[in-house]
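Dear colleague,

Please find below the structure that I am handing over to you.

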Protein chains: 2
Amino acid sequence: MNYEVRMKRLKEMMSQRRIDAVILGPTSNMFYLTGFREEQMERPLLLVVGEEDFVLAPKIYEEQLSTVGLEIRSYRDGEDPYSLMRLKKGSSIAIDDQLWSLFLVEILNRFLPSNISPASVIMKELREVKDEEEIRALRSGLSIAEKSFLEFTDKVKEGENECRLARELEWLFIENGAEGTSFSPILTSGPNTSMPHLRCTSRKVKRGDVIIADFGIKFKGYSTDTTRVLTLGPPSEDVKRIWSIVVEAIAEAESSTLGSTGKDIDWRARKVISSKGFGENFIHRTGHGIGIDVHEDPYIAPDNLVEVKRGSTFTIEPGIYLPGKFGIRVEEMAVMRDKVEILTQLSREIFTV
Amino acid sequence: MNYEVRMKRLKEMMSQRRIDAVILGPTSNMFYLTGFREEQMERPLLLVVGEEDFVLAPKIYEEQLSTVGLEIRSYRDGEDPYSLMRLKKGSSIAIDDQLWSLFLVEILNRFLPSNISPASVIMKELREVKDEEEIRALRSGLSIAEKSFLEFTDKVKEGENECRLARELEWLFIENGAEGTSFSPILTSGPNTSMPHLRCTSRKVKRGDVIIADFGIKFKGYSTDTTRVLTLGPPSEDVKRIWSIVVEAIAEAESSTLGSTGKDIDWRARKVISSKGFGENFIHRTGHGIGIDVHEDPYIAPDNLVEVKRGSTFTIEPGIYLPGKFGIRVEEMAVMRDKVEILTQLSREIFTV
């Protein structure tokens, strides 16, 4: 598809209709104009076309977006994304129909304060603390996901391509009783593992590869989220060392007690990784709340200064990414009681196949 | 889950925080508060909590929503949904974070006109006319979907439940090379078929049932959409009669030529069904554009007074719904050339299994 022609036609139409800026999310529109495909998530990922053209994106997408041929303005978790965009007061703006309202409300209130707020101001408080029925749904979902993953490890063979393996895993979920996936599984191998949000490619897995499987299912409407590391053949010393730092970071976050904020738990994991010299390679937050949505409050992130409440469920998923080499991430689901209680039952080991 | 308690807590929080209205889409929030689950589409489907509580919904959801226990304000395609809601000027509003911006922009501009427009004002014109590369992607996708459907007809057996059959169909898509589904398949049986947007239930299919399969896949990022009727055992005379009206409506719409508007094509199908006395039972528009998104411009609907352009791709999917008895819908994909050219290759027959 000829993306340059499409972008040129868009600009002509903008000038004809006196539209100053078009702001698009990672929807069919962004795919149409750039070929880049991603699901919408709570972090702004925007294509802005106007006086300046750029993609505003979380740092975790930087490597993936490098082929798009547009300026990338990236931010880390905890940084303010909207400070990277400018809109003149009174600009005429066209907003992607399918862009989540959250982002429009944020943009709106910066440039034209309104009485509109994202419903999360209320809904997050309502939904953050789970009752036992909800926690049971999450546990049941996890057991389906884990059974499926264990069966999946038998299917990983040299020469299979990543996307085919991802589809295999999805099928096992359904076979085992899942209602569906909570997101398209991430199944990457070799150097692709350094891109934390790449889904899968046609790359064939080969002996010596690290494989990252990040997967979740829906059960009774509730979402799970788990990440495990596999290797095809025994893991290298390098891989073992990075993995051991990551699981140490999990253990440290796991030792948090009631009263900790999202920032506190994030910091416990982060300080382990930083102390080993990989702080710059841990390019995302430590985790996110999980319930009906796969990403919801409370965020386990440097900018969450609020206490994680008793009964909140969330992930702990530190990672270390070495571009051009490999990435390692391990992800657990947990609930806050007097202290953090892990819900995931699967071993944290490297699964050697 | 106790939805009444959840709604009561929401209202308490709204009054504490002086929020006049909460407007939610068919997202995790609506599921949390009502148990109702649906994917977001281009027609507003909103839960409004405030001075009055109600669900604003397309008429096609009326039967499904009847269990929710809230006032339903429904509208037909072509009617103005927003006239069914009232918001006082200066109200403090909380908007579902994940609600598509399109709906927020529409609500906003009614109550506080702004310089913000939905990007579809431009993007639809850009994307509406497909080039041959795009039409090839749609044709390739259709052939995967059709091969899968034909294989699927062998799997439909008495005693299988609807959702299990839906998952079976999804698996065949993946096996045959689809990137995924373009929407969760609709697989309903018996009296469930009178609800055009019900996905599937645990109802077991039995001899004599009508089964509706409405399914689509993603291929090279492009979406397909097809509906076929099956019966378990020979179809009844009633079913055959209704089916023959529906396929006659398709043939009539198919005879439209370049220069027709969305309304013209819709009218050709609609007048066939009305002339047989079932006008009130054809509760939706005749079709929708299809491309990267499964629903996009041009809409084949009574309120689309714009000419359908050469190269536009869209569905033709008339249906007749007899609540408590059964519903029949057959859906084709088409492209506008000098006249309508059907892209779907599958026979329109009733598939008797």
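A crossing of two helices is called left-handed if the near helix is turned anticlockwise from the far one by less than a right angle, and right-handed if clockwise. Please note that this is a predicted model.

The helix pair H6 and H7 of chain A is described here. H6(A) and H7(A) form a right-handed crossing. Helix H6 spans residues 132-153 of chain A and helix H7 residues 162-175 of chain A; their axes come within 9 Å and cross at roughly 135°. The two helices are therefore oblique to each other. On the side of H6(A), the contact is made by A:Ile144, A:Ala145, A:Ser148, A:Phe149, A:Glu151 and A:Phe152. H7(A) contributes A:Leu165, A:Glu168, A:Leu169, A:Leu172 and A:Phe173. Sorted by class, this contact has 8 nonpolar, 1 polar and 2 charged residues.

Turning to a loop of chain A, A:Thr261 lies between helix H8 (237-254) and helix H9 (262-275). This residue counts as buried because its relative accessibility is 13%, the cut-off being under 20%. Leaving aside residues up to four places away in sequence, A:Thr261 touches A:Asn304, A:Leu305, A:Val306, A:Glu307 and A:Val308.

With kind regards

Methods
Residues are numbered from 1 along each chain as its sequence is written. Chains are lettered from A and ligands numbered from 1 in the order in which they are written. This is a predicted model: local features need pLDDT of at least 70, side-chain atom pairs count only at pLDDT 80 or more; totals for chains, interfaces and linings use all residues. Side-chain values use heavy atoms; hydrogens and water are left out. Axes are lines fitted to C-alpha atoms, for helices over the stretch in contact, and angles run from 0 to 180 degrees between N-to-C directions. Helices (H or I, at least four residues) and strands (E, at least two) are DSSP runs, numbered from the N terminus. Angles under 35 degrees count as roughly parallel, over 145 as roughly antiparallel, 65 to 115 as roughly perpendicular and the rest as oblique. Contact means heavy atoms within 4.5 Å. Ala, Val, Leu, Ile, Met, Phe, Trp, Tyr, Cys and Pro count as nonpolar, Asp, Glu, Lys and Arg as charged, and the others, Gly among them, as polar. Buried means under 20% relative accessible area, exposed over 50%, partly exposed in between (1.4 Å probe, protein chains only).
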